[in-house]
Amino acid sequence: MSGVMKRMGMIFRAKANKALDRAEDPRETLDYSYQKQLELLQKVRRGVADVATSRKRLELQLTQLQKQSSTLEDQGRKALALGREDLAREALSRRSALQQQVTDLETQHQTLQGEEEKLTLAAQRLQAKVDAFRTKKETIKATYTAAQAQTRIGEAFSGISEEMGDVGMAIQRAEDKTAQLQARAGAIDELLASGALDDSSGLAKDDIQSELDRLSGGTDVELELQRMKAELAGGPSSQQQAIEGGKGQPQSQQQPQDSTRFDKQ
């Protein structure tokens, strides 16, 4: 059972991978990756800004503490000048505590300054990588688009694309239907001519007229064939000789009849 489940899982993953590969557009994937890199670069820059802000705040606090330390030192001197050693000791004690805070803040300031420099350098390197990726991305997209267009043109010329295949099938179906209709029309004409089917329009010829038309058409063809043979032989056709002979014969027959008439008179 475990083996069957593993096999089904493998088949499902294979089909899902194939479907994803068919649906995936490399240009969209590159744009998405570039967008993610821009978001990462924006986060790094925001981190640099946050560190710089913290550093600036420490600098302001250091400035303020240094001013307070100077003030306490002046107060201690004035107290000693006035013979108030107790006030001078209190002022120096407070100044010592402030000096410890100044030392801690200076240490934090140095740490933040180092982090800021590291983040700034990382942001610059990331910016260079993002710019290089953008150039490479546009190059790959242009190459992919050109290859895709060239492939479509080649498929269109070869007729293996889906669109051209549908057009070719439509043309083939139209030609088949046309040939079928032509064959049906010819068969109907032959059946009407042979008398197997009756023409309900009343325009069809009877069988006697059809036979006469066929015989007269064959005679015309034979006469034309004889004329062409005579022309190729270089002499007058037999038909023309027969016609000329037919024209001369009635004239020779009419002359004796006329002479007989005159003799009787």
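Figure 1. The side chain of Glu-138 meets that of Lys-137 in a salt bridge, with 2.6 Å from N to O. Salt bridges with shared partners link Glu-138 and Lys-137 with Asp-31 and Lys-141, giving one network. Lys-137 itself is buried, since its relative accessible area is 3%. In the structure as a whole, 14 salt bridges are found.

Figure 2. Asp-31 is a residue of helix 2. Its relative accessibility is 30%, so Asp-31 counts as partly exposed. Once neighbours within four places in sequence are set aside, the contacts of Asp-31 are with Lys-137 and Lys-141. Along the chain, Asp-31 and Lys-137 are 106 residues apart, yet their C-alpha atoms are separated by 7.6 Å. Both lysines also belong to the salt-bridge network that includes Asp-31 and Glu-138.

**Figure 3. The aromatic pair of Tyr-34 and Phe-133.** A search of the whole structure returns 1 aromatic pair. Its members are Tyr-34 and Phe-133, which are stacked, with 6.4 Å between the ring centres and 15° between the planes. Because Tyr-34 lies in helix 2 and Phe-133 in helix 3, the pair ties together parts of the chain that are 99 residues apart in sequence. Tyr-34 counts as buried because its relative accessibility, 15%, is under the 20% limit.

**Figure 4. The salt bridge between Arg-95 and Glu-73.** The side chains of Arg-95 and Glu-73 form a salt bridge at 3.5 Å, N to O. Arg-95 belongs to helix 3 and Glu-73 to helix 2, so this pair ties together parts that are 22 residues apart in sequence. Arg-95 is partly exposed, with a relative accessible area of 26%. Glu-73 likewise counts as partly exposed, at 26% relative accessibility.

**Figure 5. The salt bridge between Glu-59 and Lys-56 within helix 2.** Glu-59 and Lys-56 form a salt bridge in which the closest N and O atoms are 3.8 Å apart. The two residues are 3 positions apart in helix 2, which means that about one helical turn separates them. Glu-59 is partly exposed, with a relative accessible area of 23%. Lys-56 is partly exposed as well, its relative accessible area being 47%.

**Figure 6. The surroundings of Glu-116.** Glu-116 is located in helix 3, which spans residues 85–158. With a relative accessibility of 15%, Glu-116 counts as buried. Apart from residues up to four places away in sequence, Glu-116 touches Val-51, Ala-52 and Arg-55.

**Figure 7. A nonpolar surface patch at Val-4, Met-5 and Met-8.** Val-4, Met-5 and Met-8 make up a nonpolar patch on the surface, and their accessible area together is about 300 Å². Of these residues, Met-8 is found in helix 1, residues 2–23. The chain as a whole exposes about 21300 Å², of which carbon and sulfur atoms supply 55%. Buried residues account for 12% of the 265 residues.

Figure 8. The chain contains 6 helices and 0 strands, in the order α-α-α-α-α-α along the sequence. Among contacts with a separation of 6 or more, 73% are between residues 24 or more positions apart. The mean pLDDT of the chain is 77, and 68% of the residues reach 70 or more. Confidence is highest in helix 2 (residues 26–81), at a mean of 89, and lowest in helix 6 (residues 238–264), at 46. Over residues 246–265 the pLDDT stays under 50, and the model has 0 contacts beyond four places in sequence for these residues. Where pLDDT is low, predicted coordinates should not be read in detail.

Technical notes. Residues are numbered from 1 along each chain as its sequence is written. This is a predicted model: local features need pLDDT of at least 70, side-chain atom pairs count only at pLDDT 80 or more; totals for chains, interfaces and linings use all residues. Side-chain values use heavy atoms; hydrogens and water are left out. pLDDT is the predictor's confidence in each residue, from 0 to 100. Helices (H or I, at least four residues) and strands (E, at least two) are DSSP runs, numbered from the N terminus. Contact means heavy atoms within 4.5 Å. Patches are made of residues with over 30% relative accessible area and no salt bridge: like charges are joined within 9 Å, nonpolar side chains (Val, Leu, Ile, Met, Phe, Trp, Tyr) within 5 Å. Accessible areas come from the Shrake-Rupley method with a 1.4 Å probe; for residues, only the protein chains shown count as cover. A salt bridge is a side-chain nitrogen of Lys or Arg within 4 Å of a carboxyl oxygen of Asp or Glu. Buried means under 20% relative accessible area, exposed over 50%, partly exposed in between (1.4 Å probe, protein chains only). Rings of Phe, Tyr and Trp (its six-membered ring) pair if their centres lie within 6.5 Å; planes under 30 degrees apart count as stacked, over 60 as edge-to-face and the rest as tilted.
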